[in-house]
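Hi,

Here's the structure I promised to pass along.

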Amino acid sequence: VTHMNKRFALKLLSAVAMAASLGVSAHAADAIKIANIVELSGPGTSAGTMFKDGVVLAMKEINAAGGIKGRQIQWTTEDTQTNPGVAKGLTQKAVENGALAVFGPVYSGSIMVSQKESQRGEIPNFTGGEAASVTQQGNPYVFRTAFGQDVSFPKLARYINGKSKNLAVIYVNNDFGKGGLNTIKKLLNGSPTKLGAEVSTDQGQVDFSAAVLKAKQSGADAIFAYLNEEESARLL
């Protein structure tokens, strides 16, 4: 968590500086409004909480150092409940309340829906979502705080090629997981590694014994588990 907080602090410093520069007509004493819209309940709690902690830590550090060009950051934190519809409504509210930037949500399925509202308001929206589709919508206002699948997966595929001849993929059945499955399939096509099994699991799933058994029965010599934080811990 500490490592992630430091990374987010650096990202946030750059992001808020950019956002502050957009408000050139504001008075120096006016606060910079930031909306933190994250998963604080539901299946995305771990990811959303870590993202929120990093953002809040960074904003506190920036304010303690004098803010941005003399302006303090004022933020609100809202819970998406890991629900795309709620995320969309909260982003719409942030736009209407004059937020200068939105941070979150983290889950790809939620940012895919909510980014349309921040784009409508023409305000920067920073997300931890990794699905390749997040930044393939042509939205100039959405930015990642983590590698997307298009960047990270070629490296991952090269590593897998050196370790496995018959791979089983266990993935979570949401935008994040399906995006990962499709990307790794594309990269492994024609490579030395055969994709022997595609095992779908549910978001929030607790018991993975059937999924592991299916992967084992496929004759796979390795498993690539592409799940959310909570599901990954249970699988292990």
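N63 counts as buried, because its relative accessibility is 14% and the cut-off for buried is under 20%. Keep in mind that this is a predicted model. N63 sits in helix α2, which covers residues 45-64. What does the side chain of N63 have within reach? One of its polar atoms lies 2.7 Å from the backbone nitrogen of I73. Leaving out residues up to four places away in sequence, N63 touches Q72, I73 and W75.

Now the overall picture. The protein chain has 236 residues, of which 44% count as buried. There are 8 helices and 8 strands in the protein chain. If you take the contacts with a separation of 6 or more, 68% of them are between residues 24 or more positions apart.

In soluble globular proteins, nonpolar side chains tend to be buried together. The largest nonpolar core here has 21 residues, and the members that touch the most others are L167, V169, I170, I184, L188 and F224. Two or more residues each come from α5 (149-161), β6 (166-172), α6 (175-188), β7 (194-201), α7 (209-217) and β8 (222-226). β6 gives the largest share, 6 residues. L167 has quite a list of partners: again not counting residues up to four places away in sequence, L167 touches I160, L188, T193, K194, L195, G196, A197, A220, A222, I223 and F224. Apart from that core lies another one, of 16 residues, with A47, I62, I73 and A101 among them.

T77 counts as partly exposed, because its relative accessibility is 33%. Beyond four places in sequence, T77 touches N36, V38, L40, K52 and V56. As for T77 and L40, they are 37 residues apart in sequence, and their C-alpha atoms are 9.5 Å apart in space.

Most residues other than glycine have a negative phi, and most peptide bonds are trans. The peptide bond from G104 to P105 is cis, with omega near -5°, and P105 is in the loop between β3 (101-103) and α4 (108-120). K69 has a positive phi, near 55°, and belongs to the loop between α2 and β2. T82 also has a positive phi, near 55°, and lies in the loop between β2 and α3. Are these two residues buried or exposed? K69 is exposed, with a relative accessible area of 72%, whereas T82 is buried at 11%.

Cheers

How values were computed:
Residues numbered from 1 in each chain as written. Predicted model: local features only at pLDDT ≥ 70, side-chain atom pairs only at ≥ 80, totals over all residues. Heavy atoms only, no water. Core = buried A, V, L, I, M, F, W, Y, C linked by side-chain atoms within 4.5 Å. Buried < 20%, exposed > 50% of the residue type's maximum accessible area, 1.4 Å probe, protein only. Helix = DSSP H or I, 4+ residues; strand = E, 2+ residues; numbered from the N terminus. Contact = heavy atoms within 4.5 Å. Polar contact = N/O pair within 3.5 Å; in protein donor to acceptor, adjacent residues only side chain to side chain.
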